[in-house]
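Hello,

Here is the structure I said I would pass on. My notes on it follow below.

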Amino acid sequence: MPYNAYVVPDSDAGSEYTQMNSTDLGFAFKQSKNGDVSITHNGKQAATLRKEKAEWFLEDMSNQSFEGQQQEMARLTGNYRRGNERTAKQHPRNR
């Protein structure tokens, strides 16, 4: 499978996914035989993409670096920081 070149089976943990880089965000993806794409975050299922969205995702992944792939998977799963955490923490209703 050419699309998940950054994902390698992890034999000792019994998991199908593993992260290749210490600077990654913990995301990995795998394409199934029926064309669906499973995205995991730290070994837990985060999203499943089907049909057109899976095709778009795989095409997009083939054109990006490893860091870009990690950012794209974070955006797709909604697991990323939005930049306003410090501001929101200082708001009176959050004290």
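Asp36 sits in the loop between strand S1 (27–31) and S2, and Arg50 in the loop between S3 and helix H1 (51–62), so the pair ties together parts that are 14 residues apart in sequence. Asp36 counts as buried because its relative accessibility is 16%, and the cut-off for buried is under 20%. As background, side chains of opposite charge can pair when their charged atoms come close. Please keep in mind throughout that this is a predicted model.

Next, the sheet. It is open, has 3 strands in the order S1-S2-S3, and its pairing is antiparallel. S1 and S3 are at the edges with a single partner strand each, so one side of each has no neighbour in the sheet. On average, neighbouring strands are turned by 25° against each other, direction ignored.

The two pairings in turn:

- S1 and S2 run antiparallel and are joined by 5 bridges. Here Ala28 stands opposite Thr40 in S2.
- S2 (residues 37–41) and S3 (residues 44–49) are also antiparallel, with 5 bridges between them. The bridge partner of His41 in S3 is Lys44. These two strands form a hairpin with 2 residues between them, and Asn42 in the turn has a positive phi of about 50°.

Which strands does H2 touch where it packs on the sheet? The helix is in contact with S1, S2 and S3, and its direction makes about 85° with that of S1.

With 37% relative accessibility, Ala46 counts as partly exposed. Leaving out residues up to four places away in sequence, Ala46 touches Ile39, Thr40, His41 and Thr77. Ala46 and Ala74 are 28 residues apart in sequence, while their C-alpha atoms are 9.5 Å apart in space.

In soluble globular proteins, nonpolar side chains tend to be buried together. The largest nonpolar core here has 12 residues: Phe27, Phe29, Val37, Ile39, Ala47, Leu49, Ala54, Phe57, Leu58, Met61, Met73 and Ala74. Two or more of these residues come from each of S1, S2, S3, H1 and helix H2 (66–77). H1 gives the most to this core, with 4 residues.

Two members of that core, Phe29 and Phe57, also come up in the search for aromatic pairs. Phe29 and Phe57 form it in an edge-to-face arrangement, with 5.2 Å centre to centre and 90° between the planes. The pair links distant parts of the chain, as Phe29 is in strand S1 and Phe57 in helix H1, 28 residues apart. Both Phe29 and Phe57 are buried.

Regards

Definitions and conventions:
Residues are numbered from 1 along each chain as its sequence is written. This is a predicted model: local features need pLDDT of at least 70, side-chain atom pairs count only at pLDDT 80 or more; totals for chains, interfaces and linings use all residues. Side-chain values use heavy atoms; hydrogens and water are left out. Two strands pair if DSSP finds at least two bridges between them. Buried means under 20% relative accessible area, exposed over 50%, partly exposed in between (1.4 Å probe, protein chains only). A nonpolar core is a set of buried Ala, Val, Leu, Ile, Met, Phe, Trp, Tyr and Cys residues joined through side-chain atoms within 4.5 Å. Axes are lines fitted to C-alpha atoms, for helices over the stretch in contact, and angles run from 0 to 180 degrees between N-to-C directions. Contact means heavy atoms within 4.5 Å. Rings of Phe, Tyr and Trp (its six-membered ring) pair if their centres lie within 6.5 Å; planes under 30 degrees apart count as stacked, over 60 as edge-to-face and the rest as tilted.
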